[in-house]
Amino acid sequence: MIPFLDLRAAYVEMKDEIDSAIARVLDGGWYILGPEVEAFEAEWADYCGAKIAVGVANGLDALTLSLRALRIGAGDEVIVPSNTYIATWLAVSSVGATPVPVEPDPRTYNIDPSRIEDAITARTRAVLPVHLYGQPADLEPIVSLARKHGLRVIEDAAQAHGARYKGRRVGAHGDAVCWSFYPGKNLGALGDAGAVTTNDPQLAERIRALRNYGSSRKYVNELLGVNSRLDPVQAAVLRVKLRTLDAWIGRRRAIAQIYTQGLIGTGLILPYVPEWADPAWHLYVIRSQERDATQRRLSSRGVGTLIHYPIPPHMQTAYSDLGLAADTLPIARDLASEMLSLPMGPHLTLADAAKVVSELK
């Protein structure tokens, strides 16, 4: 069997360091926020090229708290990609704002900057690009357009740990960059975890307060906050894994190269990488009009695959109130029926990657 992703192997490779880090937290007796979280925040901000990082409980909270900290709420609109995981939209809805979907560039699958301006209205407050599958969105025109219209830019970087845009790591281009450290991510915790990176000290302070019951000082509550604090145990694990992140991305890059070189000429649509992008290869996604049959055949041969994502947000029952028919956003609709994610991860062997290519052929 070739699994889609082997999470246990990541722990086994670093077992001694991870166990030691967890023991350090347990022995230290500080179990909410504290020095371990602060150390990871500093290290993650430095890695991302940002001034500040704020650890939160998960990636969805990172998005939601960023929107709240920017005072985006009821009556506001936020431009989002039509082709993304539903969490991007849910964050906007959770603060009372309305997600306004924009179709992707059909080559990169990320939001198409040339379509954004037509979606801007008097109620638009922010643009929320997603770095889907670990490939950076085209940030320069997005940020430029947002500044022209007085809009905020909140990046969903949940799949883009270590990705680079025009030579610079994703993490500080927009007003806030939101991260998930879900176990399956390139930098994954042993449970839920998240963070926001930013160069804006005031924004960071608001997010810090919001994550902690709206309080920056104990029993003094300035804001209507929530409980969304990065756990020190997870912070300790992330500090260990961060030291190997670039090496693990290198392994992912080698697997992507095997797939790309081996699958040319098969009729499958392979990932397109613009010259300015250096993907983190969180996922390697192919397209086929015979996607479901291909997935079944691979499964019968012991190759694990996943579909990211089978139903686009505008076709989910959760968003039926928006009244968006399936063909309102045809690019997102069609991509959802053709996408197939091949096995990908730092512990997939190059021989197994070559076997996946052979089975696909």
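Reply: A search of the whole structure finds 22 salt bridges, each one a side-chain nitrogen of Lys or Arg within 4 Å of a carboxyl oxygen of Asp or Glu. This is a predicted model, in which local features need pLDDT of at least 70 and side-chain atom pairs pLDDT 80 or more, while totals for chains, interfaces and linings use all residues. Residues are numbered from 1 along each chain as its sequence is written, and side-chain values use heavy atoms, with hydrogens and water left out.

Side chains of opposite charge can pair when their charged atoms come close. One of the pairs is Asp105 with Arg107, whose side chains meet at 3.1 Å, N to O. Asp105 is buried, its relative accessible area being 15%, whereas Arg107 is partly exposed at 46%. Buried here is under 20% relative accessible area, exposed is over 50%, and partly exposed is in between (1.4 Å probe, protein chains only).

Two further pairs each lie within one helix (a DSSP run of H or I, at least four residues, numbered from the N terminus). In the pair Glu205 and Arg208, the closest N and O atoms are 2.6 Å apart. Both residues belong to helix H8 (residues 201-211); because they are three residues apart in it, about one helical turn separates them. Glu205 is partly exposed, at 43% relative accessibility. Arg208 also counts as partly exposed, with a value of 25%.

The other such pair is Lys355 and Glu359, where the N to O distance is 3.9 Å. Lys355 is partly exposed at 36% relative accessibility, and Glu359 is partly exposed with a relative accessible area of 25%.

Salt bridges also join into a group: Arg24, Glu36, Glu43 and Arg239 are linked in a network.

The structure as a whole has three cavities of 30 Å³ or more. A cavity is a set of points on a 1 Å grid over the protein atoms alone where a 1.4 Å probe fits but cannot get out, and lining residues have an atom within 4 Å of a point. The largest cavity holds about 120 Å³ of space. It is lined by 13 residues, and those closest to its centre are Tyr133, Gln135, Pro271, Trp281 and Leu283. By class, this lining has 11 nonpolar residues, two polar and no charged. Ala, Val, Leu, Ile, Met, Phe, Trp, Tyr, Cys and Pro count as nonpolar, Asp, Glu, Lys and Arg as charged, and the others, Gly among them, as polar.

The second largest cavity has about 100 Å³ of space. Its lining is made up of 13 residues, with Leu7, Ala10, Pro183, Lys185 and Trp248 closest to the centre. Helix H1 (7-13) supplies at least two residues of that lining, and helix H10 (245-263) likewise supplies at least two. Charged residues do occur around this second largest cavity: its lining divides into six nonpolar, three polar and four charged.

Notes
1 Å grid on protein atoms, 1.4 Å probe; cavity = no way out; pocket = protein on both sides within 12 Å on 5 of 7 lines; lining within 4 Å. Points joined across faces, edges and corners; volume = space filled by probe spheres on them.
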